[in-house]
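Take a look at the protein below.

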Amino acid sequence: MKIFSEENKEHAAQSVHDFINQLHLHNENNEAELPFYRTMFQNLIEKAPVGIYILEGGSYSYVNAYYCSLFGYTKEELTQGTVPLDKLIHPEDYPLVKRNIEKRQRGENKEERYRLRKIAKCGRLIYTEIHTATTEINGKTVLFGSVVDITAQVITEQKLEESNEQYKSLFDSSPDSIYSFDHEGKFTNANPASEILTGYSNEEVIGMSFLPLIFPEDLPEAIKHFEDAKKGIPNSADLALIRKDGKKIHINATHFPMKVNGEIVGTYGMAKDITQKILYEQQMEELAFYDPLTKLPNRKLFEDRLGQMINFSREDRHPFAILFLDLNRFKFINDSLGHHIGDEFLKLVAERLQQTIRKTDTLSRLAGDEFTILIPETSVEEVTKLAERIHQVLSEPFQASGHSVTVSASIGIAFNKGINDNVHELIRNADTAMYYSKKFKKKHYTIYSEELDLKASYKLTIERDLIFAIENNELELYYQPIMDLKNKDKIIALEALIRWHHPELGLVSPCDFIPVAEESGQIIPIGAWVLKTACSQNKLWQDSGIVPFKVAVNISTKQLQQYDFVDSVINILKETNLDPTWLELEVTESILLDDVDIIKTSLSELKKAGVSISIDDFGTGYTSLSYLRQYPFDKVKIDKAFIDDISRDLNGKRITSAIISLAHSLNMDVVAEGIESEIELKYLKEEKCDGGQGYYFSRPLPVNSLKLD
């Protein structure tokens with residue numbers, strides 16, 4: 001806590017000087033006043049909150065308690081000559097002190113104030129202000145003075161000076177314009193960058209209002225931001241500015257209130273030239289909203305107009321529709337005649353479509369050979385007539401760079417439904433209807449309905465999007481442990497189970513997309529991805545120090561029927577550096593009814609390469625038990641349907657026992673699928689079943705949720 005302020009110390013120092021100056025005016029024989037002066041000396045000088053000293057002949061004859069405390073010396077050290085004067089004073093300041101002493105000894109400058117750097121006993125530098133004078137005491141001329149510690153004040157002044165220099169450097173060197181306004185909006189200061197920005201010199205701009213500089217259209221906004229800043233509200237705005245040479249430029253201006261002693265005295269701001277950025281954005285906006293080939297609105301602009309149409313329709317309830325067109329045979333035209341002919345053809349299609357629709361309709365090229373048309377205020381009858389007309393128009397031959405080209409279009413139609421409409425859903429609905437037209441070819445156009453969505457759309461969407469699932473990183477493998485029933489805590493394998501994270505449908509069940517993949521042929525690339533991903537993951541687990549186990553991968557009929565399937569498996573094992581011992585391929589028994597010889601050969605070659613083979617879902621198909629003997633199976637997996645019967649004591653329980661016994665007689669291991677209860681587990685252990693899999697142990701989990709340590 002500060003007891004004495006700097007101002008109080010100044011008063012104390014002055015009082016001391018006045019007291020000492022009075023001493024020589026009194027007769028030393030006036031003994032009646034001596035007690036008074038002793039008391040005054042003790043309270044005013046010895047206990048003064050400033051340093052007091054008396055110099056005689058260049059040495060201290062007296063120092064008070066504060067002086068000793070300030071510099072860390074005792075009175076004896078200072079007054080008995082132990083500490084010379086030059087030791088207390090900074091070497092650079094000592095000549096000044098010496099000259100001042102000599103002047104006062106000669107009778108010059110009897111009283112003086114100056115600042116001095118002194119050095120404490122501990123080595124600490126102390127900034128002081130000295131008030132020194134000459135007087136006579138007991139007939140002797142002496143120098144006496146007061147010392148005030150101003151270190152904190154000096155440091156504050158140094159920091160302020162440093163801050164001012166930094167500000168000036170920033171102000172002068174900033175590449176951005178920095179300026180200040182008074183309350184009327186006139187410039188009070190501006191840095192060199194402001195001259196470059198506005199074209200006005202500093203002399204011209206000081207005292208000038210900012211209003212003539214602002215482009216008229218932006219003036220209301222500029223005034224508002226200036227007024228807000230005067231109210232203490234910082235703000236930023238993009239404004240157009242007119243330079244001295246008349247050139248229009250764009251700036252980003254930020255304004256702040258300028259305060260002095262807590263009161264707003266004006267505003268200051270910074271402005272950056274963003275002209276190139278604005279021009280670039282304008283160019284990008286043109287590219288962003290229009291197709292560069294056909295000059296039609298692109299998807300972004302179409303979606304924007306569709307969004308506006310949705311908002312309008314909520315207010316006036318007027319119906320509108322979207323037509324989604326996909327050109328049939330365009331890929332053939334593009335591939336056979338070349339991309340330059342394909343581009344020319346798309347331009348011609350765009351022209352014909354533009355001539356067919358109303359001026360109030362919006363035609364856009366969505367992507368590739370896909371076009372969309374937004375039709376406001378329409379009816380089902382009008383839209384179907386338009387679809388028929390488009391079909392007729394596009395059916396007429398096109399002449400593209402000397403080539404006669406014919407094409408047709410599959411058209412999907414979607415109408416708005418009400419307040420819950422959204423842009424992406426309406427486009428998707430029209431797209432789904434178009435895909436239905438293309439797939440089933442009953443008519444060249446289809447009107448979207450919820451029934452269509454529920455039945456055909458889901459399957460069509462899966463088939464359409466499954467093509468890009470790998471490319472878009474939408475597939476993921478979950479893993480379900482297969483446990484050693486002789487050792488509950490030991491994992492003997494993990495079965496890889498595919499999951500599809502569809503961006504719109506969410507997590508799609510394998511039961512929904514695997515049959516579609518089989519039918520469309522997508523199972524080949526998907527199966528290869530599953531195999532490679534599972535092998536890579538198992539190798540990662542092994543490299544991380546986890547005890548090795550097999551990874552089990554399901555294989556489809558179409559994969560096994562590929563002439564190079566065995567080679568592809570071996571190549572994947574080599575690429576992933578996984579030993580074949582740690583790979584197990586699972587086939588369902590239904591697979592054994594097709595191309596028996598080819599499949600048997602493939603499985604035998606894989607077995608010879610060191611890969612384990614298991615038969616999955618055993619007992620649910622039409623396979624004769626003799627197949628277990630004819631094929632190179634290492635393991636039999638009992639279907640969950642039989643395991644469920646165990647707790648109900650039904651026939652499935654006895655079938656389970658029979659399968660276990662038969663498989664063991666053929667030197668095959670047995671794994672029970674779908675174990676969910678302690679009763680099932682206990683029975684399977686009693687029947688000497690080798691492995692178990694099911695929710696009792698764990699659900700299928702993604703890699704980051706598995707606990708394998």
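## The annotated feature

Where does UniProt place the feature "domain: PAS"? The unreviewed UniProt entry puts it at residues 58-108 and 163-233. Such annotations may be inferred rather than shown by experiment.

This is a predicted model, where local features need pLDDT of at least 70, side-chain atom pairs count only at 80 or more, and totals for chains, interfaces and linings use all residues. Residues are numbered from 1 along each chain, and side-chain values use heavy atoms, without hydrogens and water.

Residues 58-108 are 55% helix and 10% strand. Residues 163-233 are 48% helix and 13% strand. Helices (H or I, at least four residues) and strands (E, at least two) are DSSP runs, numbered from the N terminus.

## A hairpin

Strands β6 (residues 177-181) and β7 (residues 187-190) pair antiparallel over three bridges. Pairing takes at least two DSSP bridges. S180 has N189 in β7 as its bridge partner. Five residues lie between the strands, and G185 takes a positive phi near 85°.

The largest nonpolar core has 67 residues. A nonpolar core joins buried Ala, Val, Leu, Ile, Met, Phe, Trp, Tyr and Cys residues through side-chain atoms within 4.5 Å. Buried means under 20% relative accessible area (1.4 Å probe, protein chains only). Helix α19 (residues 523-543) gives the largest share of this core, seven residues.

A second, separate core has 33 residues, including I341 and A400.

## Cysteines

The disulfide count is zero, with a cut-off of 2.5 Å between two cysteine sulfur atoms. C535 is buried at 0% relative accessible area. C689 is buried too, at 2%.

Conventions: Buried means under 20% relative accessible area, exposed over 50%, partly exposed in between (1.4 Å probe, protein chains only).
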